[in-house]
Amino acid sequence: SDITPDDIDLFVAAEKPFCGEGNTLDWADYGFKMHFPQGTTPPSEVLIKALVGGKFQFPDGMEVVSALYLISISEEFRHLVELEIQHCVCLKSSQQCKYLSFITAPIDESVPPYKFQFIEGGTFYTDSQYGMIVCSKFCIMGIGKKTNGRDPHILSDVEDTSDTDSE
């Protein structure tokens, strides 16, 4: 039988294995960095999948502004890990940073659609296209922009750089 897009839960653009070489996984082509704490032994196997689609459900009033990444680790890792994810928003003022947030969807025993929610924490700067968050649990992660806040113009002067021509 033929497989149709409706039969697939996640569409993967690329995968990046990390087998404990050093303390940093830097996947610049897909806008992802993972830093393990100095003095710890990284898990024996980490697999990052950059997702381009899937059966997702996002919070109302949210726009996805980064790739989504499925992060899986072969063994329990009890240390905090720093993740950096690239986003496509050009922040012009520090006040605008509060409208970006990390989003997450569980993958353990989840049945699609994968339901995303905003999570607390994370740091965004006007001089960087990356957001940073420290976490200990791994799942599907990305960055979302809150678009239905109390002020309907909250990010009206923020540029979305996802369609910018680099020529």
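Residues 24 or more positions apart account for 70% of the contacts in the chain with a separation of 6 or more, where contact means heavy atoms within 4.5 Å. This is a predicted model, in which local features need pLDDT of at least 70, side-chain atom pairs count only at pLDDT 80 or more, and totals for chains, interfaces and linings use all residues. Residues are numbered from 1 along each chain as its sequence is written, and side-chain values use heavy atoms, with hydrogens and water left out.

### Overall makeup and confidence

The chain has 16 strands and zero helices. Helices (H or I, at least four residues) and strands (E, at least two) are DSSP runs, numbered from the N terminus. Of the 167 residues, 38% count as buried. Buried means under 20% relative accessible area, exposed means over 50%, and partly exposed is in between (1.4 Å probe, protein chains only).

The predictor's confidence in each residue is given as pLDDT, from 0 to 100. The chain averages a pLDDT of 82, and 80% of the residues score at least 70. Confidence is highest in strand β13 (residues 123-124), at a mean of 96, and lowest in strand β16 (residues 159-160), at 50. Over residues 150-159 pLDDT stays under 50, and the model has 17 contacts beyond four places in sequence for them.

### Nonpolar cores

A nonpolar core is a set of buried Ala, Val, Leu, Ile, Met, Phe, Trp, Tyr and Cys residues joined through side-chain atoms within 4.5 Å. The largest one has 30 residues, and those with the most contacts inside it are F32, M34, I48, I71, L83 and M141. A second, separate core has 11 residues, including L10, L51, L70 and I103.

### Salt bridges

How many salt bridges does the structure hold? There are three, each being a side-chain nitrogen of Lys or Arg within 4 Å of a carboxyl oxygen of Asp or Glu.

| K55 | D9 | 3.8 Å |

K55 lies in the loop between β4 (46-54) and β5 (56-57), and D9 in the segment before β1 (10-18), so the pair ties together parts that are 46 residues apart in sequence. K55 is partly exposed, with a relative accessible area of 30%, and D9 is partly exposed, with a value of 30%.

K145 is buried, with a relative accessible area of 10%, whereas E63 counts as partly exposed at 32% relative accessibility.

### A buried charge without a salt bridge

E84 lies in strand β8 (residues 81-86). E84 is buried yet has no salt bridge, and the nearest side chain of opposite charge, K33, is 4.3 Å away. For charge, Lys and Arg count as positive and Asp and Glu as negative, while His and the chain ends are not counted. The side chain of E84 makes a polar contact with the side chain of H35 (2.7 Å). A polar contact is a pair of N or O atoms within 3.5 Å; within protein, one must be able to donate a hydrogen and the other to accept it, and residues adjacent in sequence count only if both atoms are side-chain atoms.

### Two further residues

T104 is in strand β10 (residues 100-105) and is buried, with a relative accessible area of 10%. A polar atom of the T104 side chain lies 3.3 Å from the backbone oxygen of I140.

F58 lies in the loop between β5 and β6 and is partly exposed, with a relative accessible area of 29%. F58 touches V64, L68, I103 and F116, not counting residues up to four places away in sequence.
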